[in-house]
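Here is a friendly walk through a structure, one stretch at a time.

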Amino acid sequence: MQLELRHLEAVCRIAEAGSLGRAAVRLGVSQPALSAQLRRIERAAGGELFFRGRHGVDPTPLGEFVLSKARRVLGEMDALAAGARAAEPHPTLRLGCILLVLVDGLLGRLDREMEGQEIAVSIEHSVTTLSRLLGAGQYDAIVYGECNDHEVPLPEGTAARTLIPKEPFCVRMSAAHPLASRERIDLAELAGETWMTLVEDDDGGPEALVAACQKAGFTPALRYRIADRKMHYDLIAAGRAISVSQPTAPPAEGTVLRPLAGDPITGRIRLAWNRAAVSERRAVLLYRAAGLAYLANVPNNAFHQAWWESRPELHPVLDPVTPD
């Protein structure tokens, strides 16, 4: 694993808070998730970064070195973003997203809804990074997801609006899987399977998956973490793993999507924006574009379309747009 900005952010927050518990609250993740992330960071850094004690954590000599570099890098990145924004004569609307299904059609929707506005869309694999870069001015708006009861902390000066308040995650498995012919699967029936680890590890998803599986009587064996969709799908088609998925995900050769009984894992999709950079009208246009991009994917799976159509209270309200 290579160290990323979000890892440097986590190290800095742990040092500032003095404990993993307090740092987890500030970062908007669970303490177990932050502990697991810190172990991965320490493996990448080559040693322990903090002494663990009864009363909290203190940096090791290696930790002090990494912290000094991390603070410098994060400060330079924030200054770079602010300076670039100030120097840009005709600012591009910069939108950051995690890898949601709706992203595939979002740019086309934005081109139609916001004609004449130059737009740049970037993909991140961390909600924490999206939020931090929104606060630093590197993004003007972000589209992100949250799982179950998890709430992503947002920086000051931002506004947010929920796009999709609830969608039930399903499971993707090989078309040759013994359960592939079932219309609906009980999570307990998937005990003993090898699971793909969710790419985003700070949106509440990993904790939601583990908690749901434990409630079903088992602990999931999380083995693979692959961001590339084709590799992800090929591994599942080969029968080597299964994964949780958004219910709007498209078909993939050799795999099937099946709903989970009782909807044990749910997600929601939100839009947040910097009030100083995005006008109220532009925010409405962004919301409309994202809502239309999501709705275009609802028919991808008949089971989700039926679920969705029976719950009109969850549908996004696409406000009319007034002329400039």
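Asn-148 sits in the loop that links strand S5 (141–147) to strand S6 (158–168); strands here are DSSP runs of E with at least two residues, helices are runs of H or I with at least four, and both are numbered from the N terminus. This is a predicted model, in which local features need pLDDT of at least 70 and side-chain atom pairs count only at pLDDT 80 or more, while totals for chains, interfaces and linings use all residues. Residues are numbered from 1 along each chain as its sequence is written, and side-chain values use heavy atoms, with hydrogens and water left out.

What makes Asn-148 worth a stop is its backbone: phi is positive, about 50 degrees, although the residue is not a glycine. As background, most residues other than glycine have a negative phi. With 24% relative accessibility, Asn-148 counts as partly exposed; on this scale buried means under 20% relative accessible area, exposed means over 50%, and partly exposed is in between (1.4 Å probe, protein chains only). Asp-263 also has a positive phi of about 50 degrees without being a glycine. You will find Asp-263 in the loop between strand S11 (255–259) and strand S12 (266–274), and its relative accessible area of 21% makes it partly exposed.

While you are at S11, look at Thr-255, which belongs to that strand. Is Thr-255 buried or exposed? Its relative accessibility is 11%, so Thr-255 counts as buried. Apart from neighbours within four places in sequence, Thr-255 is in contact (heavy atoms within 4.5 Å) with Arg-172, Met-173, Ser-174, Ala-175, Tyr-233, Ile-236 and Ala-237.

Next comes helix H7 (residues 205–215), whose buried residues are Gly-205, Pro-206, Ala-208, Leu-209, Ala-212 and Cys-213. Viewed down the axis of H7, these buried residues fall within an arc of 165 degrees, so they line one face of the helix; the arc is that of the directions from the helix axis to the C-beta atoms. The cover over the buried residues of H7 includes S5, strand S8 (194–196), strand S9 (221–224) and strand S10 (243–245). Just after H7, Gly-217 takes a positive phi of about 105 degrees.

How do H1 and H2 meet? Their axes come within 8 Å and cross at roughly 125 degrees, where axes are lines fitted to C-alpha atoms, for helices over the stretch in contact, and angles run from 0 to 180 degrees between N-to-C directions. H1 and H2 are therefore oblique to each other; angles under 35 degrees count as roughly parallel, over 145 as roughly antiparallel, 65 to 115 as roughly perpendicular and the rest as oblique. On the H1 side the contact is made by Glu-9, Ala-10, Arg-13, Ile-14, Glu-16 and Ala-17, and on the H2 side by Leu-20, Arg-22, Ala-23, Arg-26 and Leu-27. By class, the contact of H1 with H2 holds six nonpolar, no polar and five charged residues. In this scheme Ala, Val, Leu, Ile, Met, Phe, Trp, Tyr, Cys and Pro count as nonpolar, Asp, Glu, Lys and Arg as charged, and the others, Gly among them, as polar.

H2 meets H3 as well, with axes that come within 9 Å and cross at roughly 105 degrees. H2 and H3 are therefore roughly perpendicular to each other. Leu-20, Gly-21, Ala-23, Ala-24 and Leu-27 of H2 meet Gln-31, Leu-34, Ser-35 and Leu-38 of H3. The contact of H2 with H3 has six nonpolar, three polar and no charged residues.

To finish, find Arg-71 in helix H4 (residues 61–87). Its relative accessible area is 42%, and Arg-71 is partly exposed. Leaving aside neighbours within four places in sequence, Arg-71 is in contact with Cys-12 and Ala-15. The C-alpha atoms of Arg-71 and Cys-12 are separated by 7.1 Å, though the two residues are 59 residues apart along the chain.
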